[in-house]
Amino acid sequence: MTIALEEQLDGASVDAARAKAARRAALVWRAVLGLALPVGVGLIWEGLVWFGYSNGRLVPPPSRIWQTLVQLAQSGELSQHVAITLWRVAAGFGLGVAAGTLFGAIAGYWTLARRIMDPTLQALRAIPSIAWVPLFILWLGIFEQSKVALIAVGVFFPIYLGVVGAILAVDRKIVEVGRTFRLSGPAMIWRILLPAVLPAYVVSLRAGLGLGWMFVVAAEFMGASQGLGYLLIDGQQLGKPAQIVAAILVFAVLGKTTDWLVEIVSKPFLRWQDSFSTQAAGS
Amino acid sequence: MLALDRVSKTYRNGVNALESFSVQVKLGEIVAIIGGSGCGKSTLLRAIAGLDRATSGAIGLDGLSITAPHEKIGIIFQEPRLLPWLTVADNVGFGLAADPAAMRRDKVARALARVGLLDKASAWPRELSGGQAQRVAIARALAPRPEVLLLDEPFSALDAFTRADLQDHLLSLWEEFRPTLLLVTHDVEEAVVLADRVMVMRPRPGRLFDEIEVGLSRPRDRAAPEFEAVKRRVLTSLNRSLDRINTKAAEGWMTVGEGI
């Protein structure tokens, strides 16, 4: 099999190399096109401030934002804020995922439990999560617990919905294959349901993570003395727009990085599904 | 020996899909079940597979009562139903989890070689053509060496050429350890090519209408006059079995067909 494959590859290698180069050129071109707008606007604004057409006080030019970032980083403040925010997201996301997966699995697998739980959970979902803040502060205090709880609530619902939906959508025909091979309950879950549910689960994890980042900002607005959200509030109160934009940029980088991590970690398990990229890798 | 004794199935919506069906199938015999839409063919097969319970009657294999899926009974569905997250080899080995790894690998390789797909062992199911996928499904069902293999219109979704090819394939696989084959089909030629005995069923309620011994030696020549004669006999019987529903259908008796 490998010999046949290699022969094939040899014959096609010239074509493949050419196609690869073309694809890479297209990718570079796309990146250039995509960057043109933000980089262009940034440069123009930088120029306008540089030549004195604007003082750039409310809308800081890129150089000033960069300066602020460097200052924050050098003083060690930035890593402290990033660390505490990351910790909050991690704790809230972890709790939300654990609870969402557990309840989702129970409700998806067991119809009676779904009939009992689902209407209540759907009703709770209709409440904007931020509305919980006063209650959480009364119950859990102003410190970490209430913040983590808010993030966990935000993460919980997409995970719960995703898991229930994915379990209900598992193809009955595939389950029958498991039955004909007399799989036990746990084996059915491990060998049929889990792999069948995984693609949708990863999607809901990513959606939940996005909400986790959203709610950490809300949580840090409600009286934090540390964290990236605090940097935002601090920048507003002391009139430092460059600090606000810098914090926003750090949020963007962290959000994208964590999302990418989820994607990377899940990729080996979803190799069977990802037809386009496997084809690309194979050629 | 597979023995069905007055097996009946009434669905919860009141549809009487199968009524008092009895048959005895010897080990190694190939039986084709043919009939019009709603004659209970698929219901019958699902009951023998243990996927659905019969409402009344008994299904026995070598004296053992069958009420749930049994290791000696394998089934091949109309669709391949491969697990998309497993490679072809892992799909074939799906029912062999109890075997030690080396033995499983060996059995999988042999099963794949038999259906001529050894080179696809590490492929994903989505990379297979329809005929290849169904061959993998056959290999998966045969790998644990069932005593009885049930086939629910296994080739109906394939083109004529692939279908004939797979029918021959199935026969050569059957030769190897001669399991009992119980094949549901709506294709008269398929029934006559494969079966020792063709059972014609009559719809609404599904029940046995006629039984035809094929009595041709294998391999069978699809163009031979004797083959044509048997085919005509089955076709005639099938037509007679269907005549009756034409009048019933006119009375508005058409219900949701359980399979065809």
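## Overall dimensions

Chain A has a radius of gyration of 25 Å, whereas a compact globule of 283 residues would have one near 19 Å; the radius is taken over C-alpha atoms, and the globule rule is 2.2 Å times the number of residues to the power 0.38. The C-alpha trace of chain A spans about 75 × 65 × 30 Å along its principal axes.

This is a predicted model, in which local features need pLDDT of at least 70 and side-chain atom pairs count only at pLDDT 80 or more, while totals for chains, interfaces and linings use all residues. Residues are numbered from 1 along each chain as its sequence is written, and chains are lettered from A and ligands numbered from 1 in the order in which they are written.

## Secondary structure

Chain A contains eleven helices and zero strands; these are DSSP runs numbered from the N terminus (helices H or I, at least four residues; strands E, at least two).

## Packing of helices 5 and 6

In chain A, the axes of helix 5 (residues 133-140) and helix 6 (residues 144-168) come within 8 Å and cross at roughly 140°. Helix 5 of chain A is therefore oblique to helix 6 of chain A (angles under 35 degrees count as roughly parallel, over 145 as roughly antiparallel, 65 to 115 as roughly perpendicular and the rest as oblique).

Val133(A), Phe136(A), Ile137(A) and Leu140(A) of helix 5 meet Gln145(A), Ser146(A), Ala149(A) and Leu150(A) of helix 6, contact requiring C-beta atoms, placed from the backbone, within 7 Å.

Key: Axes are lines fitted to C-alpha atoms, for helices over the stretch in contact, and angles run from 0 to 180 degrees between N-to-C directions. Two residues are in contact if their C-beta atoms, placed from the backbone, lie within 7 Å.
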